[in-house]
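Hi,

Here is the model I said I would pass on.

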Amino acid sequence: MVEIHSILNTGDYGLTHKDAAGNEVLTDIAVESGGRGQGFRPMQMLLAALVGCSEVDIVSILKKQKQELTAFRAVTKGEREEGKEPSLWKVISIHYSLEGQIDPVKALRAIELSMNKYCSVAETLRIAGAAISFTLEVNGQSVESKAL
């Protein structure tokens, strides 16, 4: 069982969320919605959770394959449904940029395994109807784009 403690810390909407190990993350809503914008919006947290989940998988798989990863960057973009409440993520894209002594085919396979087999956040979002795609760049060279 996972337990998260949430405490109001700024204005009416800003919360600090703390796990059992003392790790913290801040959430808030946009200024134009009445918040102070001093943290991730909750739906942004889902995108961060997706890329965080896949990053852990990708790094683990590449380490097992003796690949030497020296840098990992990702840019995640999403579009939500319009005119609906609740408004779910409908399209999500991730651009992964990896550097190091990495076989591009192994990097691509690591992402595919993460997104199709291991990442629970990706599966949760897919079940909710999100279309997830990614692009990959290894050492500045584009490898391939996939739709999941």
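From the N terminus on, the elements run β-β-β-α-β-β-α-α-β-β, which gives 3 helices and 7 strands. Helices here are DSSP runs of H or I with at least four residues, strands are runs of E with at least two, and both are numbered from the N terminus. Bear in mind that this is a predicted model: local features need pLDDT of at least 70, side-chain atom pairs count only at pLDDT 80 or more, and totals for chains, interfaces and linings use all residues. Residues are numbered from 1 along each chain as its sequence is written, and side-chain values use heavy atoms, with hydrogens and water left out.

Overall, the C-alpha trace spans about 50 × 40 × 30 Å along its principal axes. The chain has 148 residues, and 30% of them count as buried. Buried means under 20% relative accessible area, exposed over 50%, and partly exposed in between (1.4 Å probe, protein chains only). If you take the contacts (heavy atoms within 4.5 Å) between residues at least 6 apart in sequence, 49% join residues at least 24 apart.

Strands count as paired if DSSP finds at least two bridges between them. Between β1 (residues 5-10) and β2 (residues 14-18) there are 5 bridges, and L8 has L15 in β2 as its bridge partner. The two strands make a hairpin with 3 residues between them, and G11 in the turn has a positive phi of about 55 degrees.

Further along, β5 (residues 89-101) and β6 pair in the parallel sense over 8 bridges. One of the residues involved is L98, whose bridge partner in β6 is V138. V138 also belongs to the covered face of β6 (residues 131-138), along with I132, F134 and L136, while A131, S133, T135 and E137 make up the uncovered face.

On to helix α2 (residues 104-118). Its 15 residues reach 20 Å from first C-alpha to last, close to the 21 Å expected at 1.5 Å a residue (the expected span is 1.5 Å times one less than the number of residues). At its start, a side-chain oxygen of D103 comes to within 2.9 Å of the backbone nitrogen of V105. That is a polar contact, i.e. a pair of N or O atoms within 3.5 Å; within protein, one must be able to donate a hydrogen and the other to accept it, and residues adjacent in sequence count only if both atoms are side-chain atoms. Buried residues in α2 include A107, L108, I111 and M115.

C53 counts as buried because its relative accessibility is 18%, and C119 is buried at 4%. Disulfides come to 0, taking one as a pair of cysteine sulfur atoms within 2.5 Å. E79, in β4 (residues 68-80), counts as partly exposed because its relative accessibility is 46%. Leaving aside neighbours within four places in sequence, E79 is in contact with L88, W89, K90 and V91.

Cheers
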